[in-house]
Amino acid sequence: MGLAIISLDAVSSDDLAYLCTLPAFYGLMKRGCLVRDVDSVFLSNTYPAHTSIVTGCLPGRHGVIENTHTQPERKTPDWRWMRSEIKTTTLYDEAAKKGIDTCSILWPVTGGANIKYNMPEIFPNNGESQLSVSLKNGSKLFQAKSYLRHGKLLSGIRQPNLDDFAVASALDAAKFQKKFGLLLLHLVDVDSHKHQYGPNSPEARNAIKRMDFRLEQLLEAYQEWDFIILGDHGCLPVAASVNLNALWDVDGFFWHHAGGCAFLKDQGGISREGAEGITRLLKEPGAHIRRLIAPEEMASGGLDGEFILGVEAAEGFCFGDKNYSGQHGYSLNNPGYQTFYLASGKQIPWETQTSGGCITDIAPLAATMLGIPLWDMDGSLAVPMEE
């Protein structure tokens, strides 16, 4: 008996029309409460969002403001893999205080976390092997067994192989589930295929169908458990990427590309040349800039401490030097960009639906389902609960 939280990365509220036709999701929906049209957080990328999901706090409070660090000197910057990046308490920290152990499989920002069964999402970036960097930052025995039993499923970090491996590891963990009461599982198949082929592509729809099959397996393995199935952000179609650093090269400044938005880092003091350059760039048609990010948005995302300003890409565009057909990292006022969560459990009324709120509302819901006292959060309990 416990709570399984399963993240379907980049599955949006718009995907629910199809999801609700699939057997596992539909069956769970009939036994629970579906919350539609839920806002992500700004910045709406995977690591800030997943940290908000387990802390109940906006990025400006928990400190994980973006997926990657700003490292102009590096071809591939480090991601914010480590628990030490988080400035607040988390659901798994509060669960441990109640004597509830956690099994976490590829959940973002859990490297080095105090989690009993921990397979962090962390990838080698300095010549180490995947196995060595995983074992160093997670639970050695738990991970070693998973790699020995299911490593043949992997093909690097390619999908759907990685999610097949993650689910196989979670199904193995079900055999000793009496040893833990909270499962955190992050699945990325849909996100990967939306990036590559676009959010409305047949490939993305097939990835959603695979997610339902995986959910069916997990429901069978974790019988009598409570479940929260969730998305973390939406995904918008894009036709082209824009590299702002290639358009505007001024010493002392660097544009951090974050998908649908980009942020300017001042590394040497704002000069007259730099200020004039910003003005010219904002008017440059080839930059495909929709608008400046408002100060309150920068503050809520914690981005105002590191960057002097932010911009959002025009419709159909994103920022960076890679070509995508779908992208996230946009502001929250884009149509078709919201996500969802679905709760099913002993305290959750059946066949109910509601809408609105934010993914920060998931942490107080999960804590209540586990009987954990609520802590200071930005989110609030938005699902009706039964005694």
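What share of the contacts with a separation of 6 or more comes from residues 24 or more positions apart in the protein chain? The share is 70%, where a contact means heavy atoms within 4.5 Å. Welcome to this predicted model, in which local features need pLDDT of at least 70, side-chain atom pairs count only at pLDDT 80 or more, and totals for chains, interfaces and linings use all residues. Residues are numbered from 1 along each chain as its sequence is written, and side-chain values use heavy atoms, leaving out hydrogens and water.

**Overall build**
- The protein chain holds 14 helices and 16 strands, which are DSSP runs numbered from the N terminus (helices: H or I, at least four residues; strands: E, at least two).
- Along the principal axes, its C-alpha atoms fill a box of roughly 65 × 45 × 40 Å.
- Of the 387 residues, 58% count as buried, meaning under 20% relative accessible area with a 1.4 Å probe, protein chains only.

**Helix H2**
- Helix H2 (residues 23-30) has Ala 24, Phe 25, Gly 27, Leu 28 and Met 29 buried.
- Those buried residues pack against several elements, including helix H1 (16-19), strand S2 (33-38) and helix H10 (202-221).

**Backbone points to look up**
- Most residues other than glycine have a negative phi, and most peptide bonds are trans.
- Ala 10 has a positive phi of about 70°; Ala 10 lies in the loop between strand S1 (3-8) and H1 and is buried, with a relative accessible area of 0%.
- The peptide bond from Gln 159 to Pro 160 is cis, with omega near 10°, and Pro 160 sits in the loop between helix H7 (140-150) and helix H8 (161-173).

Technical notes: Buried means under 20% relative accessible area, exposed over 50%, partly exposed in between (1.4 Å probe, protein chains only).
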